[in-house]
Amino acid sequence: MPLATTPPTKPQKKAFGIEDLVSLVSQHNPTGDKELIRKAFRFSTEAHKDQKRSSGEPFINHPLEVARILAEFQLDTVTVVTGILHDTVEDTVATLEQIQKEFGPEIAALVDGVTKISKITFQTSEEKQAENFRKMILAMAKDLRVILVKLADRLHNMRTLHHLRPEKQVAIAQETLDIYSPLANRLGLSSLKRELEDLSLRFTKPEIYYKLMEQVAKKLKEREKYTSDVEAMILAALKDHGYQDAAVTGRPKHFYSIHKKMEKRNLTYDQVYDITGFRIIVNSVEQCYGALGLVHSLWTPVPGRFKDYIAIPKANFYQSLHTTVVGPGGERIEIQFRTAQMHETAERGIAAHWAYKEGKEDPKETEKFTWLNRLVEWNRDLKDPNEFLETVKLDLFSEDVYIFTPKGQVMEFPQGATPLDFAYAIHTDVGNHCIGAKVNGRMVPLKHKLKSGDTVEVLNSPSQRPNKDWLKIVKTSRAKSKIRQFIKVEEHEKSLAMGEMILDRELKRDSHNLKSLLKDGSLQKVAEGFSLKNVPDLFSSIGYGKISAKKVLTKLAPPEQQQPKQETQGLQRIFEEAAKKAPARHVVKVKGIDDLLVRFARCCNPVPGDSVVGFVTRGRGISVHTRKCPKIFDSDPHRLVDIDWDLTKKTERNAKIRVVCDDRPGLLADMSKVIRDQNVNITRAQIGTTKDKKAVCHFTIQITDVSSLRKVISTLEGIPGIISVERIQKKQS
């Protein structure tokens, strides 16, 4: 299946104009300033005159469509006007001062915030991406309407992505999945999230997207009849029991949701039964529970699949009852129960609760976004931008469970959270000294996984201290960051003491006195000679093995006693000696030195093109890890060194992929041919089958860089019968 280049042909619609926008705003906000909207349109039209989009249409169509999306979410006039003006400062000669003069400080501040976010690009190096994400979080924290405009901007860009080059399509779609879709989810914008995910799937995995489209189309009439029959059965039962105003709708799940379910459970499309979800909307909370009981009397509920988000709403305001039942024909069907107000919140999230009613902010609403406050707090605590990015992603992607304190307070945690996460959520010291916990009155180990509704009591001991094993137990980003922080400080202090001891011993052998050298500033000069800030950094570098004590003595010697030829210092000298003895050359560079003997970490198995970092091991040289490797976040940053691939030299590295597929004759031959056609060699293949007649294939292949690996994965996904293909970077147990 070729990459998506043009959308299916649709009948031409009348162009959306400014009066259409004014009319749309008036439907939900009759008192809104219509003339301000028209004025913004005239200003934007003049600023963008003669500009064209990639499609060839006038550029003004884009900000108008962004404003339309914001109006559809029933946002205030100020936000809609910002949507019209959002590109003027970035893409035209218009200035922020002009915006402020014409439209006031509030709109100018929003346009400025969106402009700053728009300048952020995530298709850069890992470190740059992390730093850019940090900037975006801070812009959001100042005014959440900034990110709402940006999400509307991204949605319209995704709708028109087919006009760009294929490689640009993939990059923008992947960025949308990584960054903007999770943000939409966290803000409760369900309908926007669904559309972003489906559009992203279309461009990142077109083979899978069009295969799903074809499979859905094949069974469309059959699914429509089934959906209609179930709707009628539920509605009739509700009417018979007095729910006269109830509404029942059934709708197919979006493609991305189906794809993720197939991937997660190793299912083919035919095995995904709950393709259609049903929604029952009633008048009150009491009727939600009553309708639930009625449905359970019609069909058998599936154990463990009931969730009550009414009693304990999600962090993004979402409220509904969820259940799965064995419906007609033995099919599992998912059903949600909610009121009309809950439905509005579920679809529009923060937009439904938006408190900026024509410029009046209600602080009670913004206080609900505790997760955003946490991100801002972590931005202050975490100096490493990569660690900040990993922390943020943990928080954005997590599904929540709800835990009670002994006093009945509700706290939210990601699935898989443990008592240690709970302890760190209370206070850092409570976490650092946690020795165990009682869950619902019973003693449990620290690694016990908490479930919604659990009541947790933490047990402490003053002698308890965090250790690295705790990082394997905790799930929350707060707990991870606090444990890492403690371990890093502890290791740094040990290294500093060790370095001071080693240097003191060497100085005594050479008739020097450490205290005297500290007092007269000699060691400070030596530290600066090694490009270090101060003497403690010098001690620390000696303790880590980055600088030898003998090199310090050489620096302390008078110039006439020093060797005329300056030797390479510390690690570089060791690296160069190792390189001379190296049986093979690896295409990596450490601080500008080529062809080093290095060890590639088995925990993440980096390949050329991955973003990598070097870790100074004790006695085993440099270990190369990907920057996303969890071990790097758990390690002391003082032992990390810059390292990069020398892409001018080609070498082959082994990469592992896992393929889940139908167990059908000839499929293995098809996969082997596809891999061979990419000029890639299979060095090892391990094939197994599951009880449900699936084949799980592990291939080890030789590739030259990460782009060739992505091409192999993309091509495999296009083979009929393939359920999922993924790269394996973790060491298999």
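## Helix 9 against helix 11

Helix 9 (residues 145-159) packs against helix 11 (residues 190-204) at an angle of about 35°, and their axes lie 10 Å apart. Here helices are DSSP runs of H or I with at least four residues, strands are E runs of at least two, and both are numbered from the N terminus. Axes are lines fitted to C-alpha atoms, for helices over the stretch in contact, and angles run from 0 to 180 degrees between N-to-C directions.

Who touches whom? Contact means heavy atoms within 4.5 Å.

## Helix 9 against helix 3

Helix 9 also packs with helix 3 (residues 61-72), at an angle of about 120° and with axes 9 Å apart. That makes helix 3 oblique to helix 9 (angles under 35 degrees are roughly parallel, over 145 roughly antiparallel, 65 to 115 roughly perpendicular, and the rest oblique).

From helix 3, the residues H62, E65, V66, I69 and L70 take part, and they meet a set in helix 9 that includes L148, A152 and H156.

## The whole protein

Zooming out, the protein has 32 helices and 22 strands. Of its 733 residues, 50% are buried (under 20% relative accessible area, with a 1.4 Å probe and protein chains only).

## About the model

This is a predicted model, where local features need pLDDT of at least 70, side-chain atom pairs need 80 or more, and totals for chains, interfaces and linings use all residues. Residues are numbered from 1 along each chain as its sequence is written, and side-chain values use heavy atoms, leaving out hydrogens and water.
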